[in-house]
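Subject: Structure for your review

Dear colleague,

Please find below the structure that I am handing over to you. My notes on what was found in it follow, and I would be grateful if you read them with the model open.

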Amino acid sequence: MGKRSRQRQKNQNASRDDRDNAGWGAGYADIIKENKLFEDYYKEQGLIPEGEFDQFMEAMREPLPATIRITGYKSHAKEILHCLKEKYFKDIQELEIDSQKIEAPQPLSWYPDEQAWHTNMSRKLIRKSPLLEKFHQFLVSETESGNISRQEAVSMIPPLLLKIESHHKILDMCAAPGSKTAQLIEMLHSDMDVPFPEGFVIANDVDNKRCYLLVHQAKRLNSPCIMVVNHDASCIPTLQIDSGGRKDVLFYDRVLCDVPCSGDGTMRKNIDVWKKWTTSNSLHLHGLQLRIAVRGIEQLAVGGRMVYSTCSLNPIEDEAVIAALLEKSEGALELADASADLPGLKWMPGVTSWKLMTKEGQWFSNWSEVPSSRHTQIRPTMFPPKDPEKLAGLHLERCMRILPHHQNTGGFFVAVLVKKAPMPWNKRHPKLRKSAPTQTGGSLAADVPRLLPEGSAEETEDGGPGGRGDGETETAGAPPAQEAAGKQDAVCGPPPSKKLRVFGYKEDPFVFLTEDDPVFTTIQSFYDLSPDFPKLNVLTRTHEGKKRHLYMVSKELRNVLLNNGERMKVINTGVKVWSRNSDGEEFGCAFRLAQEGIYTLQPYIRSRIIRVSVEDIKVLLTQENPFLSKLENDAHAQAKQTGMGSIVLKYIPNPNDPSEPQCPIQLCGWRGKTSIRAFVPRNERFHYLRLLGVEVFRDKQGLGQKSRDGAKEAAAAGKGGELENGDGNGSQEPKTEGGNKEQQQLKDTKGAVAD
């Protein structure tokens, strides 16, 4: 990839990054929010309802409201919502800053179950008051714990329109920075009692560095059903899976196609767009957007849904791409009517006529008006179809355009496509599974058609116009090569394949363990794993030497990994379930439990579980290595009967006591000789303490604490560290790679906690 291509890729990534990571304050120097070309262009296009253009421009110049989304699949979501509404939001309602009454956050009317909220407060404003500072710390802490996501409102729409079910195989084509990916994972885990949903998410991005941002976002959710890969979306490889002993093509039930765009819908947040916007941006991106959309449709199973979205209001990037895609499909695709899917959302229907303007201000209404000198920049697919009957049959009015002034949001475009039949250049019929099979242990997508042998006369999905056969080398991290799109009138397939080029870091291998691996001998007996524990789903990241960490993936992702090692560049997958403990062997097992994977692993663990109460958890999360006698009688008795080493601390809610949290809590811990401790990262400690009604607040310098009623206990916790420290009472804590870090986090927690 040359220098210009790398820069172009960087520019394309910027707009998606902007709309996914919604801002909490401008942070820009004063920029004149004027662009005459922009105003002239959209006035002429007629996208804004008559009489509303001034409102539209006024809204574009206003700061974007801050929005948050509560992680929906976690069982703690209702408790977090209750905490927000009954504590933080009530405090904000009574607050005035600089004689201005603060507007309390309001739920987004169209987002289910009050799981998304917006407010006009900026980051600067949040930090002006101690009460708002507490609110801000709550947001930061819960975001890092994966319980809240700060995400622009319109960015939440595409995953909702996909209608995800737990058995769906999902491809997120342009996923970084990962807010939408997180939504997809949440939907897969709608049932928390199922540790391994049969579905999975493969999240892709062309930018190697942004893939690691994507990994960070996904890891907050601790899911064994997510894989991050690094490819050019316009030619992402066709993957294979093993089904009943034969190789099949992997087709996805759902595809999210959130393409790179000019980003003029983000002007409220990304103020640079005001001075950089020009019509040539959309002309340069149209070909790439169409190629990515075509590749997404090729990988979609018949009966599946694909959502195409941009944060641009420009028809060249929106309806023009959809119209070209529908025309090339020759009836294989249908634009779905999603008008009833999000009640409360205000949107404008897609347009059926639009014009094209050059950056010099010259307008073209159809392809015949374009001079040959401009044929490399302007393509036929950028114009609406000429035939009125054909145009009406496309139902472009089913597209949805969200305008900023209608619900105080950013600008956005979204369209839902349903695949009715194979694409015209493909004769095979991959089928969409109607519902989840009764046994979750079934083979992956048994109904996916068999993979044709190389050289077969029958074409495969990616053997269409401009495509490539399965036997050709796939391209990883290849440049978008937008200009190449202009060399043929029918742009309907990925660019020609190129020699495999790998950019970025070389990843450690993904090595699956065998059922008879020696590592399982002590783990099996120490934790008394149930017979149905899926040992084959456990992997490590090294071929040689001692295994430092053990990870787990779902059976379906294991299938994908094992059959596509040479086809795709995997950045990350799996959730950590065990970490090597250098001193653990003397207690019976060299591996201690990891908090990240406890909810995945715990259903298979049948021993070393201590049931704890609310008061027990408070002690464990606020004191460093408390004596066993600090626990209540029931937990104390269980702990005395449990040998030294790694343990599970489990809280089961009491439905008859609504004053206590009504969600299960599972923590990793360590049983010492005479003491016990929890191994939980700092922000998760804060999260669980909030659920238990303990106020957690650090002052702005990060020193000490602020509290109302709990100063004495917190002081005791701070002083008691010396008396109750495991080094002095025979705790025999495990010495692990992250042990010092966790101890420091515990000390930080003690300094920030008050009842």
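A polar contact is a pair of N or O atoms within 3.5 Å; within protein, one of the two must be able to donate a hydrogen and the other to accept it. Please also bear in mind that this is a predicted model.

Asp 258 belongs to strand 12, which covers residues 252-258. Is Asp 258 buried or exposed? Its relative accessibility is 1%, so Asp 258 counts as buried, because buried means under 20% relative accessible area.

Helix 9

Asp 207 leads us on to helix 9. At the start of this helix, a side-chain oxygen of Asp 207 reaches to within 2.9 Å of the backbone nitrogen of Lys 209. Helix 9 has twelve residues and spans 17 Å from its first C-alpha to its last, close to the 16 Å expected at 1.5 Å a residue.

Which residues of helix 9 are buried? They are Asn 208, Arg 210, Cys 211, Leu 214, Val 215, Gln 217 and Ala 218. These residues cover an arc of only 165° around the axis, so they sit on the same side of helix 9. The face of helix 9 turned away from the buried side carries the exposed residues Lys 209 and His 216.

Strand 28 (residues 665-671) is mostly covered, with seven of its seven residues buried. Ile 665, Leu 667, Gly 669 and Arg 671 are buried on one side, and Gln 666, Cys 668 and Trp 670 are buried on the other, which leaves both faces of strand 28 covered.

Strand 28 pairs with strand 27 (residues 645-651) in the antiparallel sense, over seven bridges. In this pairing, Leu 649 stands opposite Leu 667 in strand 28. Strand 28 also runs antiparallel to strand 29 (residues 676-678), to which three bridges join it. There, Gly 669 stands opposite Ala 678 in strand 29. A hairpin of four residues links strand 28 to strand 29.

The cysteines

UniProt, again in an unreviewed entry, lists Cys 311 for "active site". Cys 311 is found in the loop between strand 13 (300-310) and helix 12 (319-329), and its relative accessible area is 0%, so Cys 311 is buried. Cys 83 is buried too, with a relative accessible area of 12%, and Cys 668 counts as buried at 1%.

How many disulfides are there? A disulfide is a covalent bond between the sulfur atoms of two cysteines. Counting pairs of cysteine sulfur atoms within 2.5 Å, the total comes to zero disulfides.

With kind regards

Key. Residues are numbered from 1 along each chain as its sequence is written. This is a predicted model: local features need pLDDT of at least 70, side-chain atom pairs count only at pLDDT 80 or more; totals for chains, interfaces and linings use all residues. Side-chain values use heavy atoms; hydrogens and water are left out. Helices (H or I, at least four residues) and strands (E, at least two) are DSSP runs, numbered from the N terminus. Buried means under 20% relative accessible area, exposed over 50%, partly exposed in between (1.4 Å probe, protein chains only). Two strands pair if DSSP finds at least two bridges between them. The expected span of a helix is 1.5 Å times one less than its number of residues. The arc is that of the directions from the helix axis to the C-beta atoms. UniProt positions are given in the numbering used here, feature names are shortened, and annotations may be inferred rather than shown by experiment.
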